[in-house]
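Please open the structure in your viewer and keep the selection tool at hand.

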Amino acid sequence: MYASFRSVGACVPDEIRDNQWFTQRLDTSDEWIIKRTGIKQRRIAKSDEQTSDLGVKAAQVAIKRANIDKKQIDLVICATISPDYMCMPSTACLIAQKLDLGHVMAFDISAACTGFIYALSIAKAFIESGMKKNVLIIGAEKLSNIVDYTDRTTCMLFGDGAGAAIISSTENKDEAIVDVQCSSDGSLNDLLMTPAVHSDELSCMQMKGNETFKIAVRTLTSDVQKIMEKNNYNNDDIDLFIPHQANYRIIKAVGEALGFKESQKVLTVEKYGNTSSASIPMAINECYEDGRLQPGTTMLLDAFGGGLTWGSAIMKFSPNI
Ligand code: ACO
């Protein structure tokens, strides 16, 4: 059995928060934010809209596009660093319940911005082992809950949103996810952390931005080189390079080091900012909706985030199984 990437969906909250919102409250400027990050807007969820609600909306789109009966879903994995509740219940359990998926196995994973790639790797392993057939993976974040809006060095980076995908079993090797690789380095845990979720001043994300930036560029570049070499792929074999959308300058530096053409690079950071685990599936969804993602399109994903964690994947879009 092989695992295939069958469908994608996303939820983009309605409220647009532009750079002016930050310039009115903090010592910063539209020019600084655009020049250093490439971000012009991000989306913000409503106060009564939780991470699980965003995840449900994205999942509904992915399930519809996969054209399967939702009762065929036998595993739900939600990647998030902004869960509805601190430790339990998991956001995946809430999503499964809101979607009426019955007593399906459901759990969350915490791998920050690499969460979607980690979830993809777990889904692939469950399917290849024969244990599951249709896995719903979700990256969902209400980061506005854990952003310190007095910290000008981090708050303008982040936004809310969710993306989801159905990963299904197939016997056709041509449709298979080619490879997913995931790594971590806990010795650098202090670069990005949320000291205590949902309590006083320690409940917000803290980041050593500049150090993280440099390590991100180096690590992402070498990680992509590794997965490409391992699978004997070159740049011409890739249709869409879909990196985690943290900062335009990171994507530009990594894209240049790897030699990808502009037409191969997918960029959504300008519109949505950094939505952590949601950013890659939201970007894949954007490509689906504007027609860049077609059956057989080969995608290269890569991400880097708190933990530290990082990972890459090479896969085809295989909607027709
Ligand atoms: N407006 C104006 N000036 C600012 C602002 C602001 N919003 N923020 C910082 N500055 C100032 C700093 O104080 C500093 O001033 P100084 O030179 O007088 O000391 C100057 O701008 C430069 O600051 P740096 O931190 O060096 O700026 P940098 O170019 O590194 O950009 C940024 C900061 C955007 C945060 C960048 O470092 C970054 O994107 N880092 C990586 C983020 C990332 O990839 N995280 C991983 C994924 S996220 C996750 O896992 C949840």
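**Aromatic rings**

A search of the whole structure finds six aromatic pairs; rings of Phe, Tyr and Trp (its six-membered ring) pair if their centres lie within 6.5 Å, and planes under 30 degrees apart count as stacked, over 60 as edge-to-face and the rest as tilted. Select Trp21 and Phe22, an edge-to-face pair with 5.0 Å centre to centre and 70° between the planes. Phe22 is buried, at a relative accessible area of 1%, whereas Trp21 is partly exposed at 22%. Here buried means under 20% relative accessible area, exposed over 50%, and partly exposed in between (1.4 Å probe, protein chains only).

This is a predicted model: local features need pLDDT of at least 70, side-chain atom pairs count only at pLDDT 80 or more, and totals for chains, interfaces and linings use all residues. Residues are numbered from 1 along each chain as its sequence is written, and side-chain values use heavy atoms, with hydrogens and water left out.

Next, display the strands. Five of them form an open sheet in the order 1-7-6-4-5, with mixed pairing; two strands pair if DSSP finds at least two bridges between them. Helices (H or I, at least four residues) and strands (E, at least two) are DSSP runs, numbered from the N terminus. Strand 1 (2-11) and strand 5 (105-109) stand at the edges with a single partner strand each, so one side of each lacks a neighbour in the sheet.

Now select strand 4 (residues 75-79) and strand 6 (residues 134-141), which run parallel and are joined by five bridges. In this region, Ile77 stands opposite Ile137 of strand 6.

**A loop residue**

Finally, select Ser263, in the loop between helix 7 (248-258) and helix 8 (269-272). Is Ser263 buried or exposed? Ser263 is exposed, with a relative accessible area of 58%.
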